[in-house]
Amino acid sequence: MHLVPADRAGHRTIDGHRVCEAIAAIGDPAHVRTWAERFSLLADPGRLALLLALHRAGPLAVSDLAVATGMRDPAVSQALRLLRTAGVVTGDKDGRVVRYQLVDESLRPLLDACAAAEHHEPGAAFG
């Protein structure tokens, strides 16, 4: 199957069949953008720590997340606002307390891999 887009069809390739396989592996550019945005959420150590805590410990309030991560309450609130806007976490109000939980199921395998790699060198769980 020849997948090279018309605007790149005139470019020289060395292994044309592998180029087509690479294009198929990349898939829809919108899908790639969506995943890049998810990865950008994980790129910040504070947000990643929050997500790991929520993934493993379940629903937690801002003050509890601050203690668990070593962050200050305002920083936790700001990070949670971003994660909530991205649809990754949700907050459930119980009286005056809001407990946050992870709702983006697609991130769970990544967070599992991150947690599993804790005692290994970076990247060990990925390859």
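**The sheet and its surroundings**

Modeller: V89 stands opposite L102 in strand β3. This is a predicted model, with an average pLDDT of 88 and 91% of the residues scoring at least 70. Confidence is highest in strand β1 (residues 60-61), at a mean of 98, and lowest in helix α1 (residues 16-26), at 85.

V89 belongs to strand β2, which covers residues 89-94 and is joined to β3 by six bridges. The two strands run antiparallel and form a hairpin with two residues between them. In the turn, G95 has a positive phi of about 70 degrees.

On to the rest of the sheet. Strand β1 is joined to β3 by two bridges, and this pair also runs antiparallel. A61 has R99 as its bridge partner in β3. Taken together, the three strands make an open sheet in the order β1-β3-β2, with antiparallel pairing. β1 and β2 are the edge strands, each pairing on one side only.

Back to V89 and its contacts. Leaving aside residues up to four places away in sequence, V89 touches L51, L54, L80, L83, R84, Y100, Q101, L102 and V103. V89 is also one of the residues that touch the most other members of the largest nonpolar core, along with L51, L54, L65, V76, L80 and V88. That core has 21 residues. At least two of its residues come from each of α2, α3 (45-57), α4 (62-69), α5 (73-85) and β3 (97-102).

W35 and F39 form it, with 5.7 Å from centre to centre and 45 degrees between the planes, a tilted arrangement. The two residues are four apart in α2 (residues 29-42), so about one helical turn separates them. W35 has 24% relative accessibility and counts as partly exposed. F39, at 44%, counts as partly exposed too; buried would mean under 20%, so neither residue qualifies as buried. The ring of W35 has a further neighbour in R38, whose charged end sits over that ring, 4.5 Å from its centre.

Technical notes:
Residues numbered from 1 in each chain as written. Predicted model: local features only at pLDDT ≥ 70, side-chain atom pairs only at ≥ 80, totals over all residues. Heavy atoms only, no water. Phe/Tyr/Trp six-rings, centres within 6.5 Å; stacked < 30°, edge-to-face > 60°. Buried < 20%, exposed > 50% of the residue type's maximum accessible area, 1.4 Å probe, protein only. Lys NZ or Arg CZ within 6 Å of the ring centre and 35° of its normal. Core = buried A, V, L, I, M, F, W, Y, C linked by side-chain atoms within 4.5 Å. Contact = heavy atoms within 4.5 Å. Pairing = 2+ DSSP bridges. pLDDT = per-residue confidence, 0-100.
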